[in-house]
Amino acid sequence: MCLIQVLSITIYIGGSLVNGAALNGVANSNEIIGVPGKGKLLNVKSYPPIENYQSGLYEVYQEPYYLGINQQAAVAVLVSEEDEGVKGEVVFVQKHPPVGPVFIRGNITGLTPGKHGLHIHQAGDLREGCEKLGGHFNPYLIHHGGPRSSVRHIGDLGNVDAKEDGVGEIVAIDPLMSLSGGPRGIVGRALVVSENEDDLGQAGNANSLVDGNAGKPVACGIIAYIR
């Protein structure tokens with residue numbers, strides 16, 4: 001598994017060459033594709049370039065990356081600091097790791113009514129509290145977005161919408177994260193719910209492209225495997 005940030009690359013596969021032009025042709029598709037060769041299938045996950053910011057990004061992997069791994073499950077138990085009363089449990093299930101979609105379901109209570117940003121952060125060390133977990137989990141080094149954006153952090157899960165009773169329900173399917181390690185692995189990192197609504201990178205200011213102006217954390221928890 002490797003992550004490549006280049007303007008043009010050439011890859012040798014079992015007797016055939018795939019050059020940068022072939023990859024650039026799929027740079028805007030944001031899809032996993034197969035580039036056939038005489039050897040095993042080469043898969044390329046592409047992200048489009050951003051003008052004056054970065055070149056195109058390509059994650060390249062090859063069989064036996066698709067391993068016969070059993071279903072994986074993990075849970076994050078969210079707790080708030082300073083007796084704010086926010087708590088919850090969020091479960092992640094991946095039926096076909098390492099690249100199958102992750103099913104996410106949970107509830108968070110004690111929130112103020114309205115939308116609150118929900119993100120996976122880089123670190124999972126809670127010894128210094130929810131505000132010392134680094135930025136959003138972002139292995140591709142690209143800007144912030146929403147869960148349906150073509151360009152986003154792996155950790156961008158959008159918002160949880162709390163009703164008048166302070167309860168927010170989470171039901172989602174994410175195609176990017178993984179529970180089996182690798183560059184998209186989220187286990188051991190932290191899930192954080194924030195005080196404000198995430199603008200999904202659409203507010204037109206610099207901070208919007210960093211964290212969606214979601215404000216400070218109100219609760220957090222480590223994502224850990226369920227035995």
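Ala, Val, Leu, Ile, Met, Phe, Trp, Tyr, Cys and Pro count as nonpolar, Asp, Glu, Lys and Arg as charged, and the others, Gly among them, as polar. The model is predicted, with local features requiring pLDDT of at least 70 and side-chain atom pairs pLDDT 80 or more, while totals for chains, interfaces and linings use all residues. Residues are numbered from 1 along each chain as its sequence is written, and side-chain values use heavy atoms, without hydrogens and water.

**Exercise 1.** Describe the lining of the second largest pocket by residue class and by its central residues.

*Solution.*
Step 1. The volume of the second largest pocket is about 200 Å³. Its lining comprises 15 residues, and those closest to the centre are His-121, Gly-134, Gly-135, His-136 and Asp-211.
Step 2. Strand S10 and helix H2 (208-211) each contribute at least two lining residues; helices (H or I, at least four residues) and strands (E, at least two) are DSSP runs, numbered from the N terminus.
Step 3. Sorted by class, the lining holds 5 nonpolar, 7 polar and 3 charged residues.

**Exercise 2.** Determine which strand gives the most to the lining of the largest pocket.

*Solution.*
Step 1. The largest pocket has a volume of about 450 Å³. Among its 22 lining residues, Pro-147, Leu-157, Asn-159, Val-171 and Ala-172 are the closest to the centre.
Step 2. S11 and strand S12 (168-174) each provide at least two residues of this lining, and S12 gives the most, with 6 residues.
Step 3. The class count is 12 nonpolar, 4 polar and 6 charged residues.

A pocket, on a 1 Å grid over the protein atoms alone, is an open set of points where a 1.4 Å probe fits, with protein on both sides within 12 Å along at least five of seven lines; lining residues have an atom within 4 Å of a point. A volume is the space filled by probe spheres set on the points, which are joined across faces, edges and corners.

**Exercise 3.** Classify the aromatic pair and locate its partners.

*Solution.*
Step 1. The structure holds 1 aromatic pair. Tyr-47 and Tyr-140 form this pair, at 4.7 Å centre to centre and 40 degrees between the planes, which makes it tilted (centres within 6.5 Å; under 30 degrees stacked, over 60 edge-to-face, the rest tilted).
Step 2. Tyr-47 belongs to strand S5 (residues 42-47) and Tyr-140 to the loop between strand S10 (114-121) and strand S11 (156-162), 93 residues apart.
Step 3. Tyr-47 counts as buried because its relative accessibility is 1%, and Tyr-140 because its value is 2% (buried under 20% relative accessible area, exposed over 50%, partly exposed in between; 1.4 Å probe, protein chains only).

Technical notes: Rings of Phe, Tyr and Trp (its six-membered ring) pair if their centres lie within 6.5 Å; planes under 30 degrees apart count as stacked, over 60 as edge-to-face and the rest as tilted.
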